[in-house]
Amino acid sequence: MNPVNYLYLAALLFTIGATGVLIRRNAIIVFMCIELMLNACNLAFVAFSRMHGNLDGQIIAFFTMVVAAAEVVVGLAIIVSLFRARHSASVDDASLMKL
């Protein structure tokens, strides 16, 4: 399979994720769309790494997955505290959490 096909798939996944972040209001769906965008970037990194014949893109993709895992932990903690305070996981209610 041609590596360009992987780049097309990565662009499609990134577009779907960006659309979900911009359109949806539920915080859990927004975080899932951010994860989809990060996975699309990882796919592009690995495809470019494969095209150039080195492992740099795969190493960057690994570190991106580590950062994404930390982002999930912090994001879910914020969503749980938002849900406990407002009984809603809406992004619009997050601005009401200020003191």
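**A walk along helix α3**

In α3, the residues G57, A61, T64, A68, G75, I79 and L82 are buried, where buried means under 20% relative accessible area, exposed over 50% and partly exposed in between, with a 1.4 Å probe and protein chains only. These buried residues pack against α2 (27–52); contact here means heavy atoms within 4.5 Å. Helices are DSSP runs of H or I with at least four residues, strands are runs of E with at least two, and both are numbered from the N terminus.

Before we go on, note that this is a predicted model, in which local features need pLDDT of at least 70, side-chain atom pairs count only at pLDDT 80 or more, and totals for chains, interfaces and linings use all residues. Residues are numbered from 1 along each chain as its sequence is written, and side-chain values use heavy atoms, leaving out hydrogens and water.

How far apart are the end C-alpha atoms of helix α3? They are 44 Å apart, which agrees with the 45 Å that its 31 residues (56–86) should span at 1.5 Å a residue; the expected span is 1.5 Å times one less than the number of residues. Just after α3, H87 takes a positive phi of about 55 degrees.

Now look at the surface. L55, I59, F62, F63, M65 and V66 form a nonpolar patch there, with about 620 Å² of accessible area together. Accessible areas come from the Shrake-Rupley method with a 1.4 Å probe, and for residues only the protein chains shown count as cover. M65, found in helix α3, counts as partly exposed because its relative accessibility is 47%.

Notes:
Patches are made of residues with over 30% relative accessible area and no salt bridge: like charges are joined within 9 Å, nonpolar side chains (Val, Leu, Ile, Met, Phe, Trp, Tyr) within 5 Å. A salt bridge is a side-chain nitrogen of Lys or Arg within 4 Å of a carboxyl oxygen of Asp or Glu.
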